[in-house]
Structure formats: structure tokens, C-alpha cells
Amino acid sequence: MGMLGLPFLTRMKGFSAKIYVTEVTARLGQLMMEELVSMHMEFRQFYGPEGSSFPQWMSWEELELLPSALREVVLGKDGTELGAWVPLYSAADVTDCTQKFQTLRYAEETCYNGTLMIKAFSSGLEIGTCNWTINGPKRDVAFISNSIFLPAHAMKFDYRSLQSNDIVLYSDFSSLDAMENVEDDDGFSIPTTDSMSTLSTDNNNNNWEESVESLLYTDENLEEQEKLSYLCYCAIDSLKVGGSVLIPINRLGTLLQLLEQISASLESSTLKVPIYVISSIAEELLAYTNVIPEWLCKERQEKLFSGEPLFSHVELIKDKKLHVFPAVHSPKLLTNWQEPCIVFAPHWSLRLGPVVHFLRCWCGDPNSLLVLESRLDAELALLPFKPMAMKVLQCSFLSGIKLQKVQPLLKILQPKIVLLPEDLRQQTRFTNANSFSVIHYSENASIRIPSLKDSSELEIATDLALRFQWRNLKHENMNVTRLKGELSVYHGKQRLLSGSEQAKSSKIRPLLHWGSPDLEKLLNILSNIGINGSVEQCMGNVESEKACIVHVHEPKKALIEVGTSTIISAGDENLASKIFEAIDKVLEGI
Amino acid sequence: MAIDSLVLGAGQQVGKSCVVVSMNGKRIMFDCGMDMAYHDHRRYPDFSRISHSGDFDSALTCIVITHFHLDHIGALPYFTEVCGYSGPIYMTYPTKALAPLMLEDYRKVMVERRGEEEQFTSEHIVECMKKVIAVDLKQTVHVDKDLQIRAYYAGHVLGAAMFYAKVGDTAMVYTGDYNMTPDRHLGAAQIDRLQLDLLISESTYATTIRDSKYGREREFLKAVHKCVAGGGKVLIPTFALGRAQELCILLEDYWERMNLKIPIYFSSGLTMQANMYYKMLISWTSQKVKETYSTHNAFDFKHVLNFDRSMIAAPGPCVLFATPGWLSGGFSLEVFKQWAPSEMNLVTLPGYCAAGTIGHKLMSGKPTKIDLDKNTQLDVRCQIHQLSFSPHTDAKGIMDLVKFLSPKHVILVHGEKPKMATLKGRINSELGIPCDDPANNETVSISSTHYVKARASDTFIQSSLNPNFKFSKRISEDESGSWLKDRKFMPQLQVTDKRTAEGILIEEKNKKAKILHQDELLLMLGEKKHEVRFAYCCPINVSNLEETKSTSDNVLCTSDRCSWLQLLNNKLSGEISGGNIQDFGEHLQVESFDISVCLNDKCRYRIIDSQNKSEAVFFCCTWSVADEKLAWKIISIMENFDCESH
Ligand SMILES: [Zn+2]
Ligand SMILES: [Zn+2]
Ligand SMILES: [Zn+2]
């Protein structure tokens, strides 16, 4: 669902970026976008203007004529109100968008521009959802979005693979929603400092990590299970008195689990009531979920290994307990229809899709039940269907990391810097025991993250390393060598290779010198190799600029100027070279 | 550092694939197969060579299985449950799902057919599979801190994978069996361009170049169609997995297209259960099969019905898939006994049947009578069709893969000795890559890549990434014929980007080696640069210069100084190749070599007394040590200038 806005971006002129996405998210996302487009088309057929164009008012022609103050009232400041309204994308926009996808599997490495390694790891929220790591020579970043530790359908949150990244960009906002629902509840604060600090005292102990991990896996699964059971209980109640149950499709995982739970409840209640899923993409969606075992939780994968279908809807369809239709007006639906029944249909906004039809039918029936996600503003959503006699059950399912788990999670990840949303500042008071620093970010404001390294890792090919000619620096007690090669960047790794140019001469002369030459020593060295001359002192203006000239007359005429720099002047190569070697010995150089 | 590959099976033969590779302290077993041609200890790899003490857990880091064929996995339950290996085992999801069926099928046949003592039990298979970690394609799996493995699609059978393994800077690929061309139910092998020290490849068809598989598939379909059209019965003996589903997809597709109504049966041994697996694993099949899963899963066989014993003698044409393969006993043999005497019927057999089976006897020549046992003889009048398509790559495919990956070394396994020798020669001569084809129980040792790690400063990295354009002039005279009007040379500039990284590596005690840019070193040491340059004031005979000058009419510079430099420039451009002469008006520069006209009669750098000073013009030259060679070359050109022009 984090993808439905994407075509708005990709249809903009000049958009040409690659879009990295997991294989499953790409497929599911495409289906959902297509469904949205088709529901919108249908909606327009009923209520919209004729022809294929979007309503006239959206081009805002009249607005141009309005005074600016009035225009701001309509459009909102910075165009955030009506001004931001744009027509929905088309099926062609969706196709264009999906063509820019570069799909990945979990833990598959992909390389951007030779330097950045990008990887996706399961986040557990839904089938195919992921968190990302981006590793470059200078920075390692882990990006965490809404994640669930032990989901009942998708592969679990793989937080271990996010370890050892310098920076964690935390952007799971789900706990904010939870906060609103349980105001004045202090139960959501971080566990007491004492327990955490005692844990962190013996850092190198493996027990430490284990006990923190056990904190992450508290029984949130059980909690979710109870919510589902309660929902099923209410549904059965309504069915027993002849009412129907309408469940707008929201999250895929919830749909899949409810199908299993409700059919099981029906089974045990001996009620013979059909379940309908009415959506243009339902058939494909349900078939698809049964052919992607690699993306599911351990329990589902075990089903693969024992040869059972991954989800029970396969059997339900076969046994004609579950019926899947593309639309309300499907001919087969009309012949098959039976009430009371359970209907799953989009769209959760209650403004689009088949759900609108059923809500109209049943909103006056006090025995029927509507199930809504509590994050939705029910007042507003139900406004067109008032007066409502239908029962409404609002429930919320876990959609991210619980606040009290943020700190233990970060302890395991061990980043150097954590970027947290400004909105979480109040809720997350970190203890001083943390090894990382926290930076808060907020919408539409960029922040500069301090650089953590002033150098980066480089690998030197062995053949190149073998050719090094080390020099020992006298006073610093270090070895230095000149190094020449070809820098290659391969899969985020910088390597120095020997390159095409092989070292030709074994004699490499130092190119850089420092220090001040000792004249006496120089003359000594020179005379040892048969070069003799006389010294002429030249006084500079300042003491430091003191220079002198050595006039060489044996074996041939030559001249050496020695000062803050040195100039060698000789009539032939050999002599010049010998003098240079002598100079090299009285200086330090590389 | 070295990579040691101990070939425990499939060395110069097909059967019991098993290679143990040691690199940088890690030891990986690739495949753990059995040889079905043997019934004694030779059927298994000689595991004692891995560890004499039998402590396999400490001798091996992990086992990697490429696919569910018995010559690649057949010895696994024996190795884990009987020999006691309990470390990690990796295979793809489909292999993990399908291998137990394959193993159980085989175990039953062995016990049933030969009344043999069990090598491993059903429980052994279950326990063994519990140790298996399933992996997805392309997923980078960290076996431990240092060892990474990754699976790549190999075609061949459902779930077959090539495996990449990397420890430190050393990397290799073990292919298992693979197919480089797609067929109706599987795609072609796919792998990234990797930097490899070693590639271990199968070489079943080391010298064969095959036409497309489609042709052979058509032959099979035609044979089946002809038989049923004539009212005959077709018997296809198979094992539960792989070939059965592959052929069934072919038949279903063909039945659909030809609108045939003749029943296709699966015997009870071939449960629909196997198809259930295939349905869930459809994303591992070919693109075409994958695309249609939502409306119709290709493994939802519409035409396939269950067969029961009473139907053996029923009249009318049909196609029957029956277990076990090779007519090695059980139900398929029972049916064969009934159907073989009629020439209307057809039996299809795979390219390989184990020795001692009826299938094997049928394939050697065309016998009309077969001894079932000492007392019974069977008339065989039915037709026999040999399935000639095999999901292995051919020689071209192997060469293509080796060329694509360009590893530093190749080892061939899983093939026939003489053919492997031929392929080995080709890889060596055509691709220039050293190649080995070791026999069983031999070890091949090759050297491995190793990098020296250092930290590099930003300035160094930046300077290395800066483009370093080299300009070289290729001088050609203007050919448009306007020689007189404009005597200009038309230099054709050639630009090459020769980026070289130049820096200084520093090693200090107890510190990681660090690479700096030259400028950073002095800063770090707190020292001042002491420049060392060379200088030489070079005389050139002036009369010759004047002479040349008067003939050149395109000298723009007015002063003598400039014109002399200009002349020198022209001269040097012709003489030195590769160097870029830069003209700054007052002076010329080639790399660090600087020339200007010297008007100072007392110049210190006039080291050599010129014979005829009055006729000489002096050029002061200075340069740094980096261009020592170039400098002396230019000076010698300058000094010889006058001699030449006479
Ligand atoms: Zn195979
Ligand atoms: Zn094989
Ligand atoms: Zn001079």
C-alpha cells in the first residue's frame, strides 16, 4: 500500500529513475493499482462526466481569474488543500510505472552505479514488504519502515540483517496511531532504565542479546489472534440471527487470516453460510499468494514441505465454501447468491468499489455487521449511509513496531546514529546507556548527518602490493611507499588494481622531498662518489633564506643551488642523476 | 592462499556428484550424490577422505545441494543419519520440498526390487531434511561470518541451482547440472557476471552440440499420438518427480491443441501429491508456464485421471504414467507384462536406465524376448521410444558459460573421460583458462585472490576519480590542397582518459595501513616541501634558426623571443610523440619541463662553454625528477638542432 501513490510521481515529465522493489511487492502493488484504476473507472461511469476527460474544475481555469487571496482560500496554503487535487492516474500510467521496476528478492544484492549496494530484508508487515540497507564505501544505512516481529503469514521481520550499519533511519510511525487511541496510558513508555542498564553491563555476553530478543518476541501474535477470534465471534453472532457480514478489504494479510479464521468458525458452528470475495483482482491475488512460499513465515513454509496448500483458501474454493467474483454484476454471482453471507470487498474508504453496493443494501439491517479498521474516521466514512441501523465493529490490527520495542531493537542493531521522526521525540526517552546518538527529523526539512569516516576501505591487489618499495621514515618510525594503480569500484568496493601500465623501471626515484639538507654531509657524499667542488655562500635577506652554491668542477662542470629548495644544473644526464641521488640522501623523501 | 578441490564423485564419470572445496579455512561439500550403477560401498562417495576420525561436523563448514536428482542428493540421508554429519545443509525451496519424495521413492524401489538391506530408512530421510535450510534464488546467505553462498537458476529440473560461494576475497561457482536453453517447463540457467577464482562445471555433453529440445519433444508427441490414434496404449514408466511432470505438461498442452479426448492416467504411486508441490513452486518454472498460473496452473492437469489395476486389461487407447522408472519392478513392470506383447502399444524410456533393470535390457538392442526371471520369458512386440531430450547443457552452452564468467580456473566434473579431455583442451586453448578434469578422489589445488586492505583518504579517492585526459596529436597535413594559402598543420586531437591512482601508502606500527594523497603526507608529518629541480641553459646555433625563421611566414609572434620559441615548438612537436607541448607565449612547457629564452648572459646554468657563443641563442630549461628521461631527450633534440638543418 506504500506504493499506490507511485504513478503520480513516475508520470511526471522527466522522471527516469530506477525503482527498486521486491518481486512480490511489485506484483501485489501492480494489482492494487490496477484495481484502484478500475474501481475509479466504474465510479466515473456512474457519476462522472461523460467522455474520458477528468472534470473541468480540476484544471482550475476559473481559479486563475480569482484574486490571489481568494485563490489561497480554495487551494490552501502552498496548494495543500484543493490545490493538491489531481486526477487519478490511468492504466497506462500504471504500466509505465511498473516498467521502471527493478525487482529483487529478499537478501539479493544489487548495485547502483558501482558504488552502492542495495538490499531488501523482510519487514514482516505484509507478504513482500521490506526494510532496506544501502552500503557504500563511506556510509552504511539501514532504513526501517513498519515492521512486525512475528507475523502469521508473511516472513518475519529480519532485523538481524540490519545489524552493523552506522545509521538507522527509523520511519515506523505506527506507534503514533496507537498513542492516539490510548491517551493517558503510561503503559506504552519505555521499560525502566534499571532493567535495561543491568542488561547492558555485560555487553559481550551472548545472554544479553538473547534476553533483549525475548523482549522483542513478546506475545503480540497472541494478542492479534484474540482480536481475530473476537471478530469471528461477532460475525457468527450476526449470521446466527440472519444478518450478513461486510468486511471491506484493507490489508492483504488480514484478508488471508480472516478467510481462514472465519471459515473455521463457520465449520465449528455448523452454519452453512457462503463467503464471497468480490474484487476484480481477487482471483489472481488468491492464486498468487499460494505460489510464493519463499516469502512466507516458517509455519506456511512447512506446509510447502509437507505438500499442503500454503493458505486454506485453496481448499475453500475447491469445496465451494468460498466464492470469488470480479464484480457485483458478474452473472455467476447472481445465480450463486445466497443470504445471509460474508462479503469481502474493496474499498476500505467506503467510497469506491463493490463495498458501496453492499453497504447500501445492508445499512438499514440491524442484524448485519460492518467491520472497519479503527484508524478510519468512521463518522466521516459512514456519512453517506446514514441513518445506519447496521452494527459496526471497529478493530485495529498491529501494523508496526510497538513503542516499547524500539529501544531493545536499536540495542541489537548497534548503529552509531539513529534518525527518529520528530513526532516520536516525546515518546522515546532514551537512556544514557546508549552507544548511539539520536537525531530527529521532520517533514520537509533536510538534516545534515555528520560524516562518520574521513577515509574509506580500499583493497589493493596482491600483484600490485608485491611491487611496493618501502622506505623507512627516520623520525616518525613509519614505512611509506609510493603507490600507483587503477582505482576500480566494483560492487561498492574500492579496489586498486595494477592496471594496464606495468611498472617499467625497477628504479623509482622519490618525487617529493622535505627537510633541510646538511651541506657538509652532502659534500661528503659527493666526494665519496668522485664529485668535488667549492662552496660559495650567498647571503639572502633573511636568515632562513640562506642559500649557497656548490660549484662542481670534477669530473665535469656542474652547479648545485641549495636553500629552501635545490636546483641541480649539469651538462649531462649521468652527472645530474648522481648529484640528485646525493641530494636524496640528505633529505627525506618519497 | 589456495583453493583445494577434493573430487569425491563425478570425477571423469556421471554419478555420485560430490566435491569438497576448501578455501580460506572454510570447507564446503557441494552435492552428496549416489552412483546407482553400484550396489556396494562404491555407490557412495568415500567420506573417510574428508575426515579420518569421522568428525564431519568440524571437518565441514556446510553442505550445498544443487538439485533433487539422486546422483546429487542420494547419499545425503546416509551421510547425515548414518555417518553423523549434523551441520548446516543448504538447498533451494523446491529441492527441499521434492527431495524427500525422490529419496523415499528410491528407497522403496531398492527394498522392493532387490530385497536389499536398507541403506537408510524413511525416518532417516525425515530427520535429514530437518537439517536443511531452504534458500531462494539470488539471496545472499551468510553461512557464518566469513562464508557467503548464493543460488542461481540452473534450469535442468525444478529448483536446480548453481551455487556461488565466497570467503574473503576468494570466490567460486559450482554449477551442478544446468541447461543453457529454456524448454517448455523450465527456463534457461541465469547467473551474474561474477569475479571468480574457480568454476566447477558439469560436462555431461562435453562434445555434443545439440539442436533445440523442441524438435525432440515433437518426436515424442508424434510417437505417442500415432500410437493412441491406432488404438494402442502408451506406457511411460517414470519416477514420481521431474520427468513425469515435464512430460505431462507436454501432453496436456498437446491434448489441448489437438483436442484429443483419450485419457491420460497416473498410477497410484504417482500421486497427485507431487503435482501439488509443483503447483506451489510454479515461480521456478519457465516464463510461459508462470504467466498463466492465476487462470490455470499448468500443473493442474485437466486431462489426467487416476488409474487402478482393473483398468490394465480394459480396451481402448490410453496413456499411462506408472512408477517406478526403468521398469525396475512394481506396478510399471506389471503393466508392461500385459501390454508388451501387442505391437499396437508403445513404451517410452529415458536415455539412462540402471543396469539390471528391464528398461536397461530393452535399450540394449531390440530384443523380442526378455527374461523376466529364470522361469518366465516375455514376448516384446510393442514399440519402444527412447526419450532423447535431456535437460543438460551442450558443449556450446558450457563454453558460453565459461566465457561469460571468465574464471581464473575451471574444473570439469560429471562427464565422460575422453569427451571431458576434449572440452578441457578447448577451454585451455580457445579461452586461455587453465582447466582440470580430475578423477575421483583426486585433489586440485589452485591459488586464490587476496587483497591487501587499507584505509584511503578522501583526497586520494577524489584525485583518483578525476579524469586524467591525455591528448595526443596525430599530425596530418591538410589535404584540401590549400598548401600555399594556409600552411597549417591540422592536428587531430586524440583524447584518452588514463585515470591513474597515485598516492602514498603508510604503515605504522599497530595501525591499519593508510593511503594518502601526496599533498596530505607533508601536512600529516608537519614538514615543508623541499623542491629539487634540475636546470640547464641550452645553446642553439642562431644562424640556423634565422634561416628557418625566414622561410616560415606564418609566425604570429612579433618579438624574437617568441618566434624562436615558436620555431622550437614546431621542431619539438615533430620529434616527441605523446608529450603535450603547451605554449604560454613567454615559455613552453612539456609536463614539468619548462623552456624559455634566456637573455641573461651571466646565467648560472650555462654549464657548458659554447664554441661560438655569438651565434647561439640560449634557452633556459628546468624540470623536476619525474620527467628526467623526457628532459634529456628534449635537450638532445635542441642541441642537435643546428646539425640537422644543414
Ligand atoms: Zn541432474
Ligand atoms: Zn547429475
Ligand atoms: Zn639561462
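Biologist: How many salt bridges does the rule find across the interface of chain A and chain B?

Modeller: This is a predicted model, in which local features need pLDDT of at least 70, side-chain atom pairs count only at pLDDT 80 or more, and totals for chains, interfaces and linings use all residues. Residues are numbered from 1 along each chain as its sequence is written, chains are lettered from A and ligands numbered from 1 in the order in which they are written, and side-chain values use heavy atoms, with hydrogens and water left out. A salt bridge is a side-chain nitrogen of Lys or Arg within 4 Å of a carboxyl oxygen of Asp or Glu. Across the interface of chain A and chain B, the number found by that rule is 8.

Biologist: Which residue of chain B meets Glu459(A) in a salt bridge?

Modeller: Look for an N to O distance of 3.7 Å between the two side chains. The partner of Glu459(A) is Lys453(B).

Biologist: How much area do chain A and chain B bury between them?

Modeller: The size of an interface is often given as the accessible area lost when the parts come together. Buried area here is what two parts lose on being put together, summed over both (1.4 Å probe). Carbon and sulfur atoms carry 56% of it, and the total is about 7400 Å².

Biologist: On to the metals, then. Which residue bridges the two zinc ions?

Modeller: Donors are N, O and S atoms within 2.8 Å of the metal (3.2 Å for Na, K and Ca); water is not among the atoms, so sites may look incomplete. Ligand 1 has His67(B), His69(B), His156(B) and Asp177(B) as protein donors, while ligand 2 has Asp71(B), His72(B), Asp177(B) and His414(B). The zinc ions lie 3.3 Å apart, bridged by Asp177(B).

Biologist: Why is the arrangement around ligand 1 irregular, and which angles do its donor atoms subtend?

Modeller: Four donors count as tetrahedral if all angles lie between 85 and 135 degrees; four count as square planar and six as octahedral if opposite donors are over 155 degrees apart and all others between 65 and 115; anything else is irregular. The arrangement of the 4 donor atoms around this zinc ion is irregular because their angles are 93 to 166°.

Biologist: Is His414(B) buried or exposed?

Modeller: Buried means under 20% relative accessible area, exposed over 50%, and partly exposed in between (1.4 Å probe, protein chains only). His414(B) has 2% relative accessibility, so the class is buried.
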